[in-house]
Amino acid sequence: AAVQHPVVRMLVSRKWNNVEGSFYIVFLTLLSYALIYGSTLDDPTQYGGRANGLRLFCEVLSIIFLMFYFFEEVNQAERERRTYFKDPYNYFDWLGLILTFLVIPLRFAEVRYQWNVAALGYLFNFLRLFKFSCVTRTTGLYTKTLARIIYRDITRFSVVFTIVFLGFCGAMFMALKATGSQELFRIKNYLDGAWISEEDLAKELLEYTDNRHPFETMEERLTDI
């Protein structure tokens with residue numbers, strides 16, 4: 001009878017969610033290595049070497065976790081029925097599961113868009129962390145408050161997010177100057193697959209031709225355009 005007491009059941013449920021959340025972090029770690037490292041390879045279907053062997057191990061465990069979470073969601077939907085579909089977090093769960101499962105056939109079919117699907121699936125799987133954070137004292141209230149703000153006042157949240165995002169991007173781009181990493185953001189020549197040089201870029205922007213005087217200044221070129 002004591003086990004059926006609401007307080008005991010709530011305590012057991014919270015402990016289980018904490019344990020399940022820990023396992024989910026392990027799943028995200030495995031999935032992160034499998035997808036992120038795989039995205040750096042020309043052919044992710046090849047598994048030669050230790051790093052790829054570890055990637056294969058992470059992929060197998062990730063699939064096992066995905067199957068477990070899939071059946072868990074099916075079981076939960078059968079138990080809760082209509083109530084299940086009123087929780088927006090459940091839609092994130094299904095999107096993450098389905099999109100990640102789709103990566104498997106797309107990879108072996110050598111479809112380039114597999115990485116778009118993988119990116120979305122990876123994002124939705126990470127968003128599922130909010131589902132577990134709701135039951136903890138540290139982040140529970142904060143997560144629920146943030147979710148309510150986004151759900152009911154998306155306009156003002158978007159304004160605040162845009163300001164922070166633009167400020168962060170600008171600060172990061174300037175900070176990259178110290179390490180000389182701004183080259184990563186240079187314009188790419190998609191015609192021949194090579195990085196476009198300053199001379200080629202100037203020719204395209206200023207409509208440069210061989211008939212022009214080699215000592216012609218930039219101001220003279222701009223005047224003639």
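Ground rules before I go on. This is a predicted model, where local features need pLDDT of at least 70, side-chain atom pairs count only at pLDDT 80 or more, and totals for chains, interfaces and linings use all residues. Residues are numbered from 1 along each chain as its sequence is written, and side-chain values use heavy atoms, with hydrogens and water left out.

Entry: Asp93. I looked up its accessibility and got 2%, so Asp93 counts as buried (buried is under 20% relative accessible area, exposed over 50%, partly exposed in between, with a 1.4 Å probe and protein chains only). Then I checked its contacts (heavy atoms within 4.5 Å). Leaving out residues up to four places away in sequence, Asp93 touches Glu73, Arg128 and Lys131.

Entry: helix H2. Glu73 is on my list of buried residues in H2. Others there include Arg55, Cys58, Phe65, Leu66 and Tyr69. H2 covers residues 50–80, which is 31 residues. From first C-alpha to last it reaches 45 Å, close to the 45 Å expected (1.5 Å times one less than the number of residues).

Entry: aromatics. How many aromatic pairs does the structure hold? I noted 14, where rings of Phe, Tyr and Trp (its six-membered ring) pair if their centres lie within 6.5 Å; planes under 30 degrees apart are stacked, over 60 edge-to-face, the rest tilted. Phe70 and Phe71 make an edge-to-face pair, 5.5 Å centre to centre with 75° between the planes. Phe70 is partly exposed at 30% relative accessible area, while Phe71 is exposed at 54%. I also wrote down one cluster made up of Tyr24, Phe27, Phe65, Phe68 and Tyr69.

Entry: Most residues other than glycine have a negative phi. I flagged Arg81, which follows H2 and has a positive phi near 55°. Arg81 sits in the loop between H2 and helix H3 (88–108), and is exposed at 61%. Which loop holds Glu110? I placed Glu110 between H3 and helix H4 (114–127). Its phi is near 55°, again a positive value in a residue other than glycine. At 66% relative accessibility, Glu110 counts as exposed.

Terms used:
Helices (H or I, at least four residues) and strands (E, at least two) are DSSP runs, numbered from the N terminus.
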